[in-house]
Amino acid sequence: MKKYIMVIILGISFVMLTGTGLAANETYDAGDFQQALEQDGFTVQEGELGYFDFLGLYEEGVLPSAYGNNPTTKYLIYFVPPAPGYEVDEQIKQITSTLGVKENTTPFWNLGPDEAVVFVGRTAPECRYFSYDNFIMHRTYGDEKRWLFANIADTINNLVIKTEGTPNGSDGNPFNQTTIIILTADRGIDQRIRAAAQSAGYSDNIINTQVMPSVMLNMGVENDSDTFASFFRPALFNDTQAGENYINNTPATVFRITPDNTTELDPYDYPELRVRGTGQTEFDLMDDLEELRIAILDRYNESNATELPTSQGVPIGSDAIQRGINGVGPTNDAVYLWSANQTASSPTPPFFDTSQYYPFLQDPEITLGNDSNEFIIVYGVNHAATGKATYSNFCIYGADAWNGVRAITDADFSGSAEEYLPDNPNAKYLYVYKLARNCSEDDQYCYEVPYGVGAYGIEPDQPLFIAWRLYMENATKTGPAYSEIVYDRAIKFDPMSSGNTSS
């Protein structure tokens, strides 16, 4: 009979734990939790939690693409040891070595039906948004292994998480708080972990469960089993230095736990999802947005204007899983748009070269030359100002490598439309931002796009695209509905041609 592996993420708490009697700032000994698990019949292997630097891995030539990295967020990922008797493959060893992560761990792992992943530790310092999210990275279809990068269900985010500051998910302060997150497909395993945690001094009201629904997953440690990854997304820290310290020295450690005996399975059903949409839309701003568009075209009427298309950028995770296509790493907490006329929908192999897919991202082909008068205007509704998003951003990408160079957030562009529409009271709900090679001193809302710096820039002859993200509507505690938002837009202005020919 097969043994399966249980993966546990254990953290070190620096705040008072309910029932432990620890003073603030005293280090909690996670060994008590480990001992409780061993007494329940598990063998423990240690891994770690670390920053997964998509852009850096592309720059070093370890990955063929940056896969649409979000520059606003430094993604933390769980690195776990392989199952006993299995080895980490050479490409994964390159990744962990480049990232400086502990040897013999992997960010992409299999999970048996009686396994679990548990995060125990501190949440991020105060920030605009954070979430814990789980993905299928690879799935085998016949003899073909495909890259899915598709989220499985809802996140645990800062509005729903159970912590010491938000016990049982109540209102309060979810930041810099002790929490436990159990990732499992099995009710019995969940109950055993909760019992071990409570015997180690943790209160049950800080324990969260993320269900791995075996009804739609291929659980197991065999080569044709699904491969998973767990990401932690913190965005826009109030204190930048505190955020960097958290990313670089996250108070957590990772253990892989192997049960000594098999268990009778009691699998969870697919979890109930939070529902997008409130019935309130942004469409009352359509006339104002058209007025802004005309004002932009009038201001730059000596240049040739090419208006770029906008469409939904990526599919939802369940769509990607059912169709066997690349999901491009979505989360249920966000809406994704990009300056293209199609949504990503290709089946792709693992670690695929993005330059070989999605040619529509270069139709029309848009570049940004080093001419000081060539630029792109990005504009639209400020979704954070309307209440449709906790935060929103847009990012400029190389269309071949999907390397996100810089993200401009609503904090950067708030108030930027008022100079275009000085007499319109709804200008405060809109924005305008310029992307150029050279920004003048009076260009307050302008970003100078770098080149000649490898993956961290976009060359003058490199096709590019713009992508937008809208994260979490407070009213629903999940992503806004596509049917309720006004799509963002972009216009390329080219001084090499005369006249104004918008399309």
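**Helix packing, domain contact and local backbone features**

In this predicted model, helix α1 (residues 31–39) packs against helix α4 (residues 187–199) at an angle of about 135°, and their axes are 8 Å apart. Axes are lines fitted to C-alpha atoms, for helices over the stretch in contact, with angles running from 0 to 180 degrees between N-to-C directions. Helix α1 is therefore oblique to α4 (under 35 degrees is roughly parallel, over 145 roughly antiparallel, 65 to 115 roughly perpendicular, and the rest oblique). Phe33, Ala36 and Leu37 of α1 meet Ile193, Ala196, Ala197 and Ser199 of α4, contact meaning heavy atoms within 4.5 Å. Of these residues, six are nonpolar, one is polar and none is charged (Ala, Val, Leu, Ile, Met, Phe, Trp, Tyr, Cys and Pro count as nonpolar; Asp, Glu, Lys and Arg as charged; the others, Gly among them, as polar).

The protein chain is assigned domain 1 (30–259) and domain 2 (283–495), with bounds from an automatic or database domain assignment. Their C-alpha centres lie 30 Å apart, and the contact takes 47 residues from domain 1 and 50 residues from domain 2. Between them the two domains bury about 3,700 Å², 57% of it on carbon and sulfur atoms; buried area is the accessible area (1.4 Å probe) that two parts lose on being put together, summed over both.

The loop between β14 (334–338) and β15 (375–381) contains Pro364, and the peptide bond from Asp363 to Pro364 is cis, with omega near 5°. Phe351 is also placed in the loop between β14 and β15; phi of Phe351 is near 50°, a positive value in a residue other than glycine. Helices (H or I, at least four residues) and strands (E, at least two) are DSSP runs, numbered from the N terminus.

Residues are numbered from 1 along each chain as its sequence is written. Local features need pLDDT of at least 70 and side-chain atom pairs count only at pLDDT 80 or more, whereas totals for chains, interfaces and linings use all residues, and side-chain values use heavy atoms, with hydrogens and water left out.
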